[in-house]
Amino acid sequence: MLHTQIPQRIQRKRIRGWKKPSGTVDITRPGPLGNPFTLQAILAAGLADTRPAAQQMAVDAFAEWVPGGQEPDRLPLVDGQAKWKRLRAALPRIVGHNIMCFCGVDQPCHGDVLLPHARGLVLL
């Protein structure tokens, strides 16, 4: 079911009684729409000193990776091309739908990169 409203990014919650809004697509890991660049890997590699900095770096790496599958040199992926192909194959599922991730709506999130796709503004 497509929404008649402009798709939004929604924060997924782990609260008793909370339910995913109808027509919302989950973009969390380990699914094909999840960000393969993790905060843990960035922090462990010493590429960022804080969680917020690592979160922004993960989003930036995802934004760099999505258009053409080129992995940032500083953050190589295991099986990156296969992950990228799964992501590309899954992108049509989000067009016209809200997307949902655990990131707060006021925090950087790879969903911000996917939101133009959900809104039909950018199709790869």
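1. A charge counts as sitting over a ring if NZ of Lys or CZ of Arg is within 6 Å of the ring centre and within 35 degrees of the ring normal. In this predicted model, Arg14 and Phe102 make such a contact: the charged end of Arg14 sits over the ring of Phe102, 4.1 Å from the ring centre.

2. Two aromatic pairs are present in the structure. One of them joins Phe37 and Trp65 in an edge-to-face arrangement, with 5.8 Å from centre to centre and 85° between the planes. Phe37 belongs to the loop between β2 (24–26) and α1 (39–44), while Trp65 belongs to helix α2 (residues 51–65), so this pair ties together parts that are 28 residues apart in sequence.

3. Are Phe37 and Trp65 buried or exposed? Phe37 has a relative accessible area of 4% and is buried. Trp65 is also buried, at 1% relative accessibility.

4. Trp65 takes part in a second pair, with Phe62, and this one is tilted: the ring centres are 6.0 Å apart and the planes are at 50°. The pair counts as tilted because an angle over 60 degrees would be needed for edge-to-face and one under 30 for stacked. Both Phe62 and Trp65 lie in helix α2, where three residues, about one turn of the helix, separate them. Phe62 has 0% relative accessibility and counts as buried.

5. Taken together, Phe37, Phe62 and Trp65 form one aromatic cluster. Trp65 is paired with Phe37 and with Phe62.

6. How many disulfides does the structure hold? The number is zero. A disulfide is a covalent bond between the sulfur atoms of two cysteines, and the cut-off applied here is a sulfur pair within 2.5 Å. The cysteines in the next two points should be read against that cut-off.

7. For Cys101, the closest cysteine sulfur is that of Cys109, at 3.8 Å, and this is too far for a bond. Cys101 is buried, with 7% relative accessibility.

8. For Cys103, the closest cysteine sulfur is again in Cys109, here at 3.6 Å, which is likewise too far for a bond. Cys103 has a relative accessibility of 18%; this counts as buried because the limit is under 20%.

Technical notes
Residues are numbered from 1 along each chain as its sequence is written. This is a predicted model: local features need pLDDT of at least 70, side-chain atom pairs count only at pLDDT 80 or more; totals for chains, interfaces and linings use all residues. Side-chain values use heavy atoms; hydrogens and water are left out. Rings of Phe, Tyr and Trp (its six-membered ring) pair if their centres lie within 6.5 Å; planes under 30 degrees apart count as stacked, over 60 as edge-to-face and the rest as tilted. Helices (H or I, at least four residues) and strands (E, at least two) are DSSP runs, numbered from the N terminus. Buried means under 20% relative accessible area, exposed over 50%, partly exposed in between (1.4 Å probe, protein chains only).
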